[in-house]
2 protein chains.
Amino acid sequence: MSEDLKQRILSRVKKDLAAIETALADNLDPYFDLVSDVARHILFSGGKRLRPLLMVLSARLCGYNGDGVEKFSTIFEYLHAATLLHDDLVDDGTMRRGKPVAHSVWDNSTAVLVGDFLLARSLSLASETGRPEVIKVIAGITENMSQGEIEQLHRKGDTDLTEADYMEVILRKTAVLFEGACRVSAILADVPEEKEQALSDYGRNIGLAFQMADDLLDYTLDSKALGKVVGADLREGKLTLPVIRALDRADDGDRARIVRTIQKKDLSTQEFKNVTAMLHEYGGIEHTRKIAAEHIDRAKQAIAIFDASQAKEILLDIADYALVRQL
Amino acid sequence: MSEDLKQRILSRVKKDLAAIETALADNLDPYFDLVSDVARHILFSGGKRLRPLLMVLSARLCGYNGDGVEKFSTIFEYLHAATLLHDDLVDDGTMRRGKPVAHSVWDNSTAVLVGDFLLARSLSLASETGRPEVIKVIAGITENMSQGEIEQLHRKGDTDLTEADYMEVILRKTAVLFEGACRVSAILADVPEEKEQALSDYGRNIGLAFQMADDLLDYTLDSKALGKVVGADLREGKLTLPVIRALDRADDGDRARIVRTIQKKDLSTQEFKNVTAMLHEYGGIEHTRKIAAEHIDRAKQAIAIFDASQAKEILLDIADYALVRQL
């Protein structure tokens with residue numbers, strides 16, 4: 001079912017995705033080789049372009065006919081790529097989308113500086129809109145993302161993390177970017193406050209569900225499908241909702257077993273399998289799917305105020321897809 | 001003489017510096033402990049506040065009476081602090097202003113993410129001006145700074161670096177920030193184009209001279225006065241103007257000696273002294289001082305179009321001080 005949904009979405013956004021690809025490449029063209037090479041490595045390695053796509057579709061939903069929607073949509077992919085470059089460093093990741101991470105192809109310094117460059121590029125593009133509200137949203141996204149990552153980093157291995165803490169972290173590190181992509185379109189289109197709020201709610205809820213789905217993949221996919229080492233979150237001591245819920249529900253013995261595994265430096269395949277089994281047993285996986293599904297419902301309800309259109313249909317499909325996606 | 005000049009400047013900007021300190025602290029206050037701690041570590045360790053001070057004085061020169069000049073001036077200190085956090089990582093520095101660098105007190109990841117946060121904070125403040133031109137300047141500064149650092153990083157140890165290459169790097173990594181601090185005041189004050197250009201020229205030339213003076217300190221100060229390991233640039237293979245000029249003027253034997261020293265991993269105190277002696281002998285030190293002095297002259301000429309005022313006098317004093325400063 002998820003494959004059908006994916007194909008239906010893709011067939012309807014083919015032209016938009018092509019325009020986004022062109023805009024992404026055009027905006028990097030004038031920069032010198034190394035910057036472009038590193039930026040291209042992270043940007044053109046099979047990203048879904050979900051964030052710029054949400055921006056383009058939201059603009060269409062709002063009836064925005066201004067120039068440069070695709071150009072402005074790249075703001076959200078550049079921001080995303082910038083944080084990937086820095087986060088891979090922070091997490092000391094080795095693979096991303098089946099390719100070695102930038103800081104291993106080049107070096108840490110280059111990854112830091114090209115991340116800064118992409119961040120700056122997205123802000124330059126934001127300033128080209130000439131709309132201070134847009135820039136405020138973009139700057140706010142950047143503040144939130146760095147704070148979310150810092151919070152996550154410094155609570156690594158903290159088995160007292162609550163569901164509320166987790167929601168706060170994924171709101172900042174992921175959902176504000178989705179929210180911003182949808183909201184900026186509403187601002188550019190000058191729609192009434194009510195519609196701007198509706199699109200913000202749609203984006204934020206999609207973002208939350210998307211991150212929960214992402215966190216589930218670490219426990220439900222194999223390493224080849226995932227394009228990176230499986231169980232990475234657990235190995236790093238990064239507690240996501242499936243684990244938080246299971247810790248909350250497990251009996252004392254199993255709780256102690258999960259905590260010990262989280263605190264270990266190295267994790268065998270068998271130990272990882274044992275934890276995964278407990279996440280299923282104590283409903284961590286199921287609970288995460290349920291909460292994510294609730295956010296998908298909220299996202300869909302939020303845009304109910306818009307008239308029927310193809311853009312709306314696609315946004316509703318994307319909401320469903322955010323949850324069932326396998327990657 | 002440089003001490004007298006410094007005291008004269010300080011006595012005249014005492015109130016401004018106090019207001020800048022207050023604004024720097026106030027703007028960090030609402031953020032959670034770790035972010036504030038790391039930000040404070042880099043921000044409150046004896047920085048000169050030269051960039052926000054230039055902004056405040058430029059605003060006064062333009063007769064700007066709007067609210068929040070001190071608040072907006074922090075944009076330039078936050079930007080500066082963000083790049084220091086990332087650059088210390090890139091350069092793998094150990095000390096900054098006599099204190100251990102942030103990435104050794106905390107860790108690399110924290111330094112990267114708090115740098116991102118400060119960058120975002122400066123952009124949020126820029127968006128509060130409500131002026132897209134201001135945001136364009138700030139985003140442009142950030143793009144330039146990251147590009148300048150990348151260029152510098154990837155030409156480490158490259159003994160073919162020319163004086164023009166060096167000027168391009170220091171323009172991007174240092175001078176655009178000084179230029180921006182002065183220019184933003186002119187934009188906020190709505191002065192005619194001619195005056196905006198004059199203040200941009202002033203700031204850019206001060207920035208170029210300031211960086212040249214900084215690069216000279218590596219060869220003219222001892223480690224205690226410098227607050228970090230002396231000869232760091234040479235050890236890292238970072239070629240600055242004194243070296244570039246000496247390489248250009250040295251005879252074949254001495255040129256080969258300098259190149260060999262640059263290419264060595266470890267550098268003894270004696271080897272460093274030998275190179276420093278050659279930088280003097282072949283006029284590298286003298287030439288750098290001369291070029292820096294030319295930029296100081298240009299900076300002072302640029303603001304000749306403004307009427308006499310105390311702000312102008314201080315800006316002229318700062319121009320002189322940028323060159324003679326011992327730290």
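By a buried residue I mean one with 20 or more other C-beta atoms within 10 Å of its own; with 12 or fewer it is exposed, and in between partly exposed, the C-beta atoms being placed from the backbone. Of the 327 residues of chain A, 52% are buried in that sense.

Please bear in mind that this is a predicted model: local features need pLDDT of at least 70, side-chain atom pairs count only at pLDDT 80 or more, and totals for chains, interfaces and linings use all residues. Residues are numbered from 1 along each chain as its sequence is written, while chains are lettered from A and ligands numbered from 1 in the order in which they are written.

Along its principal axes, the C-alpha atoms of chain A occupy a box of roughly 60 × 45 × 35 Å.

Now to the pair. Contact here means that the C-beta atoms of two residues, placed from the backbone, lie within 7 Å. On that basis, 32 residues of chain B touch 32 residues of chain A. The chain B side comprises 16 nonpolar, 11 polar and five charged residues; Ala, Val, Leu, Ile, Met, Phe, Trp, Tyr, Cys and Pro count as nonpolar, Asp, Glu, Lys and Arg as charged, and the others, Gly among them, as polar.

How are the copies related?
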